[in-house]
Amino acid sequence: MSGRTTWTDEELARLRLEGLEHLNHLLSGDATEADAAKLIAWRAESPAHELAFRSAVRLRQLVRVVEGVERPETIGIVSNVASLNAQRAKKHSRRAFLGGAMAASVAGGLLFLGRSLDMVPSLAALNAKYRTGTGERLVVRLGDGGTVELNTRTSINLRDDLAMPAVELISGEAVVTSGRSGTAALVAGNGTSIGKHGQFSARRTEDEICITCLSGEVEVAWNGEHRQLAPSQEVRYDDRGIGAVTAQANTAVLTAWRNGTLIFQDIPMRQVILEINRYREGRIILANSALSGRRLSGTYNIDRLDEFFDQAELAVGAKVTRLPGDVVVLS
């Protein structure tokens with residue numbers, strides 16, 4: 001089993017797709033003994049692979065209930081699958097062998113989409129001074145007239161230990177505007193960003209922090225290293241290091257959320273879905289790997305994000321399946 005413990009949202013989405021493909025192939029009637037063995041080995045690669053497979057089993061059951069193939073009471077209980085396949089395994093046939101492999105692979109009690117589908121706030125985020133929920137935005141005024149504008153699912157605390165108005169970004173995305181003093185600071189992870197006579201954007205994910213200068217200038221300090229940003233420049237850092245300064249192609253697209261819109265320009269569908277999931281209640285699940293790389297362009301009102309599904313149907317031929325809890329499967 002892999003010793004890896006951290007995964008990006010995009011990597012976890014890819015694992016869920018792989019798990020669903022393994023499961024669908026094994027149940028298609030065309031699978032071989034080698035395919036069953038590959039699934040068992042794939043599941044054992046890491047806890048993330050195991051969770052992805054369990055989500056795939058649960059998702060497949062939900063879709064089949066919506067389509068009228070299975071009864072609702074079968075959702076979440078996999079022991080019946082194990083028992084059924086155990087009976088079939090008494091017959092020494094190729095199908096029985098695969099049934100036994102399937103039983104060994106999916107047995108394990110209740111399978112929930114749970115945390116693998118929901119963006120659950122951390123304890124630090126829940127205890128933050130200011131926090132926005134899904135689709136919400138909030139403007140917090142600083143002492144000298146500066147502001148910090150919070151995007152969806154964003155948490156901040158105010159800091160009083162610096163010689164200027166300062167905030168701590170715990171999670172999410174925010175735009176900081178300097179006030180009468182001309183400076184404003186943002187602390188995130190191991191870095192401190194000081195904006196001078198302008199605005200800058202900060203986005204914090206599980207993997208990295210990205211600071212983008214919108215106007216004026218920004219100085220980013222990370223463990224003794226410094227980066228100077230001019231308008232339309234950005235830098236990324238994490239716990240291990242800080243990168244070089246790069247150009248941000250379009251800051252208007254980056255901050256379109258401030259006007260209540262999301263803009264995508266020739267973006268792979270898997271990335272579009274990851275972003276929309278930040279702003280929408282429930283979850284969009286991409287269950288067709290052939291669609292993940294298809295590129296999309298579009299502008300969507302944050303208050304009407306379900307219009308995206310019409311484009312997904314027309315532009316890329318996705319099948320849209322709506323499930324309880326605002327879960328939508330694109331296949």
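Analyst: **Aromatic pairs and a sheet**

A search of the whole structure finds 3 aromatic pairs (Phe, Tyr or six-membered Trp rings with centres within 6.5 Å; stacked under 30 degrees between planes, edge-to-face over 60, otherwise tilted). Phe264 and Tyr300 form a tilted pair, at 6.1 Å centre to centre and 50° between the planes. This pair links distant parts of the chain, 36 residues apart: Phe264 lies in strand E12 (residues 261-268) and Tyr300 in strand E14 (residues 295-301). Strands (E, at least two residues) and helices (H or I, at least four) are DSSP runs numbered from the N terminus.

The model is predicted, with local features requiring pLDDT of at least 70 and side-chain atom pairs 80 or more, whereas totals for chains, interfaces and linings use all residues. Residues are numbered from 1 along each chain, and side-chain values use heavy atoms, without hydrogens and water.

Phe264 and Tyr300 are both buried (under 20% relative accessible area; exposed is over 50%, partly exposed in between; 1.4 Å probe, protein chains only). Together with Phe308 and Phe309, they form one aromatic cluster.

In strand E13 (residues 283-286), Arg283 and Ile285 point one way and Ile284 and Leu286 the other, all of them buried. E13 pairs with E16 (residues 327-330) in the parallel sense over 4 bridges; pairing requires at least two DSSP bridges. Ile284 stands opposite Val328, and Ile285 opposite Val329.

The open sheet has 3 strands in the order E13-E16-E15, with mixed pairing. E13 and E15 (320-323) are edge strands with a single partner each, so one side of each lacks a neighbour in the sheet.
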